[in-house]
Amino acid sequence: MKQTLKSPTSQQTKRLWLFGLFLLLILALFLLSLALGSVSIPLKDIWGVLIGREGVRESWVYIVQNSRLPRVLTAVLAGIALSASGLQMQTMFRNPLADPFILGINSGASLGVAIAILGSSFVGGLFLPAMSLGGEFSLVLAASLGAGLVLALILLVGRWVQNPTTLLILGLMFGHATSAVVSLLVYFSAPERIQAYSIWSFGSFSGVNWTQLNVMALVILAGVGLMALLPKGLNALLLGEDYARTMGLNVGLLRFIVLLSASVLSGAVTAFCGPIGFIGVAVPHIARNLFKTSNHKILIPAIILIGAAVSMAASLIAQLPGSQLVLPINVVTSLFGAPFVVWVVLKRKRGATSFNV
Amino acid sequence: MIADQLNLQLNAGEFVCLVGPNGVGKSTLLRTVTGLQPKLGGEILMSGKKLETYQPRELAGQVSVVLTSPISVGAMRVDELTAMGRFPFTGLFDRMSEHDWEVVHETLRVVGVEKLSHRYVHTLSDGERQKVMIARALAQEPRLLILDEPTAYLDLPGRVVVMNLLHDLASGHDKAVLTSTHDLDLALRHADRIWLMDDVGRIIQGAPEDLVLNGSFAQTFNRAGVRFDPLSGTFDSQNSGSKSVFLEGVGPEVVWTRRALHRAGFAVDEEWIPGSPRVCVMPQNDVITWQVELVGQTITFTTVYDLLQSLPK
């Protein structure tokens, strides 16, 4: 940006420092995630595993390569995807409470998974061959199909509906409808199946192996790539669709890409990790408050960094280093997230930046 | 269908105010002219070319808008927000050139918000924020600037400043400026031309004075049940003015005394009718006194309030 007075320069410098800080934080969290867990692995051995050095203890190599590394990478991808999706939803609907699942995408995914886990008791042998076909991807496929269905509905309806608020309400209703069907399935299912479904709905970064991780990375990078084309459009949407149109933007196309990107991102996370709350809502606000801007040119890189950091931190805490216990991710995000947001909100004097998008 | 048989022209260098009673369709007309709403029939030509044939970005270079509702952007600086007016000219990633920034700074200066450049938009007053939105619209370098009730949330000084600004933009910067407003008084004072819209969808064009003198104003607003007084250029109180009073004196004090008498339900006569009160306004140095002669008695007052209290109800 052109600098004419002192203020913007010092603001820019501060932001650069913040970016640097977060990069360091991410590196630290990454290493900690590999080092801590039920077993503590020394850093130099972690480095050894990463560079493929000989002589590191077998069990440690196994743990790092097959458990911790995929998990932390999953956390990074999920954190970025959720934050990116949340940011776009908040901007598009100009609603600070919007989250990645506001259009019912993860309800669709939940429906897919519910049918896969619970539905087979109804249709007997029909699902089993399909499940074995999908193999390790079966749950992911089921979730993706469900999410995809809702996404298609949203995109279709989005072309006809003028008012964003109307779209929002329709999305909420889709979500309620699919949740109702899931409840129905749960109601008529055997306890073991309900438990299996329950466990899925707690959310986890641990269930993703390398093959799945590759697919997840591809999809999420595509979604984030789409969003990265949109800083100008997203900034324009902050003023509303009318202003955006008079500034020469193709609002219909913009809306389509935003919906597509946000839904693919949130759908992918739900498909691979289960529904994970809080991160998508909170990270954009953290970014806005820390970097003191609503400008997406700064926010997009910011939420990528902050999303990765927050997600890794949550995953680390969930691992309860030193014990064998593992907490569900959703529990960690909510338990730590809610008080944090309360603290942020109460400590602000005027709160204007907190709540406006 | 809201309005029909419209034949209107907007010229560069002119400041036009669209006025009319509530609900006649002013916003709809503006939204149709800017392309935010599709037209039902007829032709809209912008610089000789049909509106529909314009690409969005092309059109954005011709016309920009300022809408009524105050925006609620979170944390954006005034210069960042104004720079959004350059969107039609910057590429996909909104890379601003030297020239783009020059336009932005010049616009901020013209609108008079240059000192606020680095302030956050949400910390500004409503009036300042609206000026920033005007700056944003101007940064688009349009030939036509359209505003929909831009002064709705402003206080009176704020409204005067905006109307002055709009007039200057038209005459001094060779733009066509069209604004809808409920501020009849300011419109009559500042507009080069008025588009007077009535409740059956007709629009009468003309200089403000023409529309007042040929009775168009009175007629349009009378239909809405309000009486427009050509003498004062304002809306009159609905009192019938059955009681008579004679007023003497010169200067602004007399004008205001007459207004007070109207409000109290008096008709001010040209000549004194015996039996009615005689009010004489006497400004002396810094003190104004009112002398009332009624039924042979003369009483002096120092405030309009006391004067009105003394007159027969």
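**Entry 1: a strand and its neighbours**

I began with strand 5 of chain B, which runs parallel to strand 6 (residues 176–180) of chain B and is joined to it by five bridges. I count strands as DSSP runs of E of at least two residues and helices as runs of H or I of at least four, numbered from the N terminus. Two strands pair if DSSP finds at least two bridges between them. In strand 6 of chain B, Ser180(B) is the bridge partner of Asp148(B). I then followed the chain from strand 5 of chain B through helix 6 (residues 156–173) of chain B to strand 6 of chain B, and found this β-α-β crossover to be right-handed; that is, with the strands pointing away from the viewer, the path from the first strand over the helix to the second runs clockwise.

A note on what I am reading: this is a predicted model, where local features need pLDDT of at least 70, side-chain atom pairs count only at pLDDT 80 or more, and totals for chains, interfaces and linings use all residues. Residues are numbered from 1 along each chain as its sequence is written, while chains are lettered from A and ligands numbered from 1 in the order in which they are written.

I also looked at strand 4 (residues 63–66) of chain B, which pairs with strand 5 of chain B in the parallel sense over four bridges. Here Val66(B) stands opposite Leu147(B).

Why is strand 5 of chain B largely enclosed by the rest of the structure? Four of the five residues of this strand (residues 144–148) are buried, so the rest of the structure largely encloses it. Buried means 20 or more other C-beta atoms within 10 Å of a residue's own, exposed means 12 or fewer, and partly exposed is in between, with C-beta atoms placed from the backbone.

**Entry 2: two positive phi values**

Most residues other than glycine have a negative phi. I looked up Asp174(B), which is not a glycine but has a positive phi of about 55°. Asp174(B) sits in the loop between helix 6 and strand 6 of chain B, and is exposed, with 11 other C-beta atoms within 10 Å.

Ser47(B) has a positive phi too, near 50°. I found Ser47(B) in the loop between strand 2 (45–46) and strand 3 (49–50) of chain B. Is Ser47(B) buried or exposed? Ser47(B) is exposed, with 10 other C-beta atoms within 10 Å.

**Entry 3: domains**

An automatic or database domain assignment divides chain B into domain 1 (15–226) and domain 2 (243–310).
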